[in-house]
Amino acid sequence: MSTAMPAQISLADVDVSFGSKTVLSGLNFEVFKGEVISIVGASGCGKTTSLRLLAGLLAPSGGSVSFEGKPVRGPRRETAIVFQDYGKALLPWRTAEGNVSLALEVMGVPGPERRSRISELLALTGLAGHHDKYPAQMSGGMQQRLQIARALAQDPAVLLMDEPFGALDAMTRQSLQDELLDLSARTGVTIYFVTHDLEEAIYLSDRIIGLLPNPGRIGRIFDVPLPRPRDQLITKEDRSFLALRHELYDFVKGSEH
Amino acid sequence: MIRFTQIASFALSLLVALALIGLWHFVASARLVPPIFLPLPEKTFDALVTGMQNGVLLDASLATLRRMFFGWFLACLAGISLGALVGSSQKLRIYVAPMLETLRPLPASSLIPLFIAVIGLSEGMILGVIAFGALWPLLLATTHGIVSVEPLLIEVAQALAMPKHKVLWKISLPSAMPDILAAMRLSLTVSLILAVVCEMLTGSEGLGQWLLATSRAFASTKMFAGIVVLGLMGYASSLIMNLVEARALKWKSAAN
């Protein structure tokens with residue numbers, strides 16, 4: 001990413017503490033429009049907390065978070081969240097259509113327009129024809145697609161994803177990864193992706209933030225030099241993929257000591 | 001397959017009911033209990049038909065039905081809105097919980113004299129007693145349902161920057177719906193009981209008064225006819241609640 005471009009989201013000297021416990025300390029980074037940026041690190045180093053900061057669900061104890069130059073004061077339409085626990089993040093009493101509709105209702109989109117937007121979004125996430133299904137009638141992969149559709153209904157500039165594919169089986173995870181890359185290429189939405197799966201982080205990202213624990217802080221920011229479009233086999237056999245995987249592995253392992 | 005088991009279980013339940021009526025017939029015709037206390041089922045049925053045809057029992061039944069329904073309706077309105085209020089505010093819960101816990105165990109029937117004194121012997125008084133007695137299950141269930149909403153759903157709402165009243169309307173209340181419906185069923189029974197008790201105490205036209213008057217006159221066939229009507233009302237209301245639940249909670253059965 002060129003540094004001349006203005007940042008979409010920037011964090012300046014951000015600290016987060018709960019009581020006397022410092023969870024994140026001295027966070028400084030920028031997220032640029034349209035990039036896919038992953039955040040990795042040992043468990044408990046504040047990955048999810050960083051996402052909540054960006055979402056405006058959590059206010060920093062020190063420093064500032066800004067979106068397009070203005071301080072973030074709370075959740076906003078431009079940032080949508082996809083939670084890991086899709087089973088609990090969907091409304092079980094609403095159909096697929098109803099779940100997507102929730103976001104549109106909040107935004108005040110009128111009824112007739114809502115219907116066509118819902119069809120568009122369900123088609124975009126590979127759920128065409130499943131309008132009337134309840135979440136409980138869908139597989140895990142479909143439920144997570146539905147959550148992504150609902151997030152996209154906000155027409156967000158940034159998708160904040162909290163280990164979204166962590167609970168899915170390997171095959172489903174790979175297809176969702178590819179669909180996500182396709183989505184980012186087609187819509188230009190910025191993606192902030194929390195994961196503990198290093199290969200996933202490399203496969204998806206332009207850059208990877210490596211967090212160190214106790215307190216959570218940035219250890220290193222890795223550039224991913226792999227070309228796009230990416231491919232589950234070819235990309236993962238690339239020399240620089242393997243080298244980066246090695247580096248990241250050492251980084252996370254090393255941080256646990 | 002499902003149809004078959006449904007028909008089979010309906011046939012079985014009918015059989016049980018018929019067997020009970022048979023037993024009743026046997027006990028009554030063998031005069032194990034004097035007929036002045038236990039009439040024959042067929043005589044009870046005759047009294048039921050006569051009472052409905054000449055309109056006396058029919059009017060009494062409709063009066064009770066009306067009280068049960070309106071009292072219950074008031075209880076639903078009050079119970080669900082109070083429950084929503086108390087469930088949404090932790091502060092309010094702390095302030096009003098002890099008072100609610102003191103009021104709740106009071107039998108509603110024990111407050112009838114107070115209600116009569118304050119409101120007077122009127123239809124409104126009866127509805128007030130029914131509503132007061134029947135609102136507790138609703139208040140508690142709604143409060144509980146709203147307090148125990150999945151926290152992640154609240155976070156989803158926050159992320160969407162949903163205003164508070166929309167969170168209540170679109171997330172908390174629908175999520176509390178199974179609890180609320182179960183309480184509505186319970187309240188309906190309480191409403192029927194209180195309607196009958198109030199009629200007995202105030203002498204207003206209704207099945208309560210009918211039961212009291214017929215038993216004092218040793219008109220046991222008429223009294224039993226009244227009891228049968230009450231039983232049927234209870235059964236019908238439970239069937240209606242089944243339908244409402246099946247519709248409102250379609251998403252629950254959809255999973256299987």
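The side chains of A:Glu105 and B:Lys170 meet in a salt bridge, with 2.6 Å from N to O. The model is a predicted one, and this distance, like the other values here, is computed from it. A salt bridge requires the nitrogen and the carboxyl oxygen to lie within 4 Å, so the pair A:Glu105 and B:Lys170, at 2.6 Å, qualifies. Across the interface of chain B and chain A, the rule finds two salt bridges. Two residue pairs are counted in polar contact between chain B and chain A, with both residues at pLDDT 80 or more.

Which helices of chain B supply at least two residues each to the side that touches chain A? They are α7 (151-159), α8 (164-202) and α11 (250-254) of chain B. Of the elements on that side, α7(B) gives the most, with six residues. By type, the residues on the side of chain B that touches chain A divide into twelve nonpolar, two polar and five charged. In total, 19 residues of chain B are in contact with 24 residues of chain A. The area buried between chain B and chain A is about 2,000 Å². Carbon and sulfur atoms give 72% of that area.

Chain A can now be taken by its sheets. One is an open sheet of four strands in the order β2-β1-β4-β5 (chain A), with antiparallel pairing. Its edge strands are β2 (21-31) and β5 (70-71) of chain A, each of which pairs on one side only.

The pairings can be followed along that order. β1(A) is joined to β2(A) by seven bridges, and the two run antiparallel. Within this pair, A:Leu11 has A:Phe29 in β2(A) as its bridge partner. The two strands form a hairpin with two residues between them, and A:Gly19 in the turn has a positive phi of about 65 degrees. β1(A) also pairs with β4(A), in the antiparallel sense, over five bridges. There, the bridge partner of A:Ile9 is A:Phe67 in β4(A).

Strand β4 (residues 62-67) of chain A is in turn joined to β5(A) by two bridges, and these strands run antiparallel. A:Ser66 has A:Pro71 as its bridge partner in β5(A). β4(A) and β5(A) form a hairpin with two residues between the strands, where A:Glu68 takes a positive phi near 45 degrees. Helix α1 (residues 47-55) of chain A lies across β1 (9-18), β2 and β4 of chain A. This helix runs at about 120 degrees to β1(A).

Another open sheet of chain A has six strands, in the order β6-β7-β8-β3-β9-β10, and its pairing is mixed. Why is one side of β6 (79-82) and of β10 (217-223) of chain A left without a neighbour in the sheet? Both strands stand at the edges and have a single partner strand each, so one side of each has no neighbour in the sheet. Neighbouring strands of this sheet are turned by 20 degrees against each other on average, direction ignored.

At the β10 end of the order, strand β9 (residues 207-212) of chain A is joined to β10(A) by six bridges, and the two run antiparallel. A:Leu211 stands opposite A:Ile218 in β10(A). At the β6 end, helix α5 (residues 140-153) of chain A lies across β6 and β7 (158-162) of chain A. Helix α5 of chain A runs at about 170 degrees to β6(A).

Technical notes. Residues numbered from 1 in each chain as written. Chains lettered and ligands numbered in written order. Predicted model: local features only at pLDDT ≥ 70, side-chain atom pairs only at ≥ 80, totals over all residues. Heavy atoms only, no water. Pairing = 2+ DSSP bridges. Axes fitted to C-alpha atoms, helices over the stretch in contact; angles between N-to-C directions. Contact = heavy atoms within 4.5 Å. Buried area = accessible area lost by both parts, 1.4 Å probe. Polar contact = N/O pair within 3.5 Å; in protein donor to acceptor, adjacent residues only side chain to side chain. Nonpolar A, V, L, I, M, F, W, Y, C, P; charged D, E, K, R; others polar.
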